[in-house]
Amino acid sequence: MTQAPTPTADTVRRLARSLLKDGGGGKGGGSGRSGGVESAAGPEVRPVAGGAEPATWWVGTRHVLRLAPDRETSTRHRRELRLRELVRPHVPVALPSSAAHGEWAPGLFCTLDTRVPGGTGEEHAVSAVGEADLAGLLTGLREVPVRQAETLGVPRKPPRSLEALRRAAGQVAERLAEADEFDPARLNQLTPSAAAQLAAQPGSAVLVHHALTGGHLVVSADGRVRGVLGWGAAVVGDPAEDIAGLALAVGSPAAVRAATLAGYGARPCLRGLWLARCDSVLALAEGLVGRGADPLPLLRTRLRRAWEPILLERVTDLGHGDDAL
């Protein structure tokens with residue numbers, strides 16, 4: 001397999017200038033300018049994140065260039081462009097659109113996306129109105145025709161076992177306790193019988209974003225959720241996964257309120273809550289031993305958000321059978 005070339009600022013600038021000039025072979029428009037500073041050599045470019053071979057670059061002030069490093073990612077990027085067009089009419093928040101796209105190396109796809117203005121969920125807290133925006137997102141995802149999504153190539157993903165996740169989190173909780181990071185007794189709230197009660201219900205699969213991190217939420221300074229990025233991981237599956245993602249991104253209370261506004265009942269809300277709580281414990285344990293890509297401060301923040309108390313827990317006792325749900 002041919003190794004992808006290393007993207008540099010010069011190659012990215014030339015590529016962006018070409019895409020903006022010709023609209024990616026007729027697949028979008030461009031005026032040859034991308035906003036911000038532009039020299040004779042092309043628009044100003046800079047990596048979105050660090051790394052020896054960054055795959056995502058700011059282009060001026062209005063575009064983002066994403067370079068697929070391999071053929072598998074190329075396929076996912078192409079699918080994402082079609083999926084965003086399918087989702088767009090159903091949700092109240094902005095999604096990026098592709099101003100131009102093509103190949104940046106033989107067989108490797110690239111897309112020059114419009115930049116959705118605003119900060120991230122890591123920079124700005126989501127307000128009460130922003131929670132309504134998230135509710136509209138969850139509602140809209142449930143309305144997207146599953147068959148059409150699967151026709152585009154969106155994979156179907158079976159629901160995770162909450163009991164297996166509970167056991168895995170319990171195995172690492174003592175290690176976190178020794179590092180003074182977490183009280184393992186908190187996991188006792190999720191009993192084996194409660195985990196069984198919170199199993200995903202048959203026939204509940206919907207389109208799931210599956211990566212609702214704070215970095216993928218575009219949040220304005222007033223707390224409104226203006227857009228959602230990162231649709232390449234979308235699947236048809238368990239809607240509780242997006243509730244879990246929001247719990248890690250904006251906190252459990254806000255996630256549950258948004259899901260409740262979207263029409264989800266106690267069972268999927270609690271399932272999402274506990275998916276997030278177990279995931280946060282496991283992720284921090286991995287981070288403490290040097291595994292995982294996310295920095296420890298972010299992992300600690302996600303754990304704190306996931307374990308924030310919610311009003312629903314005052315009336316729902318997970319340890320006392322089906323009548324509690």
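This is a predicted model: local features need pLDDT of at least 70, side-chain atom pairs count only at pLDDT 80 or more; totals for chains, interfaces and linings use all residues.
Buried means under 20% relative accessible area, exposed over 50% and partly exposed in between, using a 1.4 Å probe and protein chains only. Residues are numbered from 1 along each chain as its sequence is written, and side-chain values use heavy atoms, leaving out hydrogens and water.

**Helix H3**
- Among the buried residues of H3 are Gly130, Glu131, Asp133 and Leu137.
- Helices (H or I, at least four residues) and strands (E, at least two) are DSSP runs, numbered from the N terminus.
- The cover over the buried residues of H3 includes H2, E9, E10, E11, H7 and H8, where contact means heavy atoms within 4.5 Å.

**Arg84**
- Arg84 sits in helix H2, residues 71-87, and is buried at a relative accessible area of 2%.
- Its side chain makes a polar contact of 3.0 Å with that of Asp113 (a pair of N or O atoms within 3.5 Å; within protein, one must be able to donate a hydrogen and the other to accept it, and residues adjacent in sequence count only if both atoms are side-chain atoms).
- Beyond neighbours within four places in sequence, Arg84 has contacts including Arg66, Leu95 and Trp231.

**Val228**
- Val228 belongs to strand E11, residues 225-228, and is buried, with a relative accessible area of 0%.
- Setting aside neighbours within four places in sequence, its contacts include Leu137 and His209.
- The C-alpha atoms of Val228 and His209 are 9.4 Å apart, with the two residues 19 apart in sequence.
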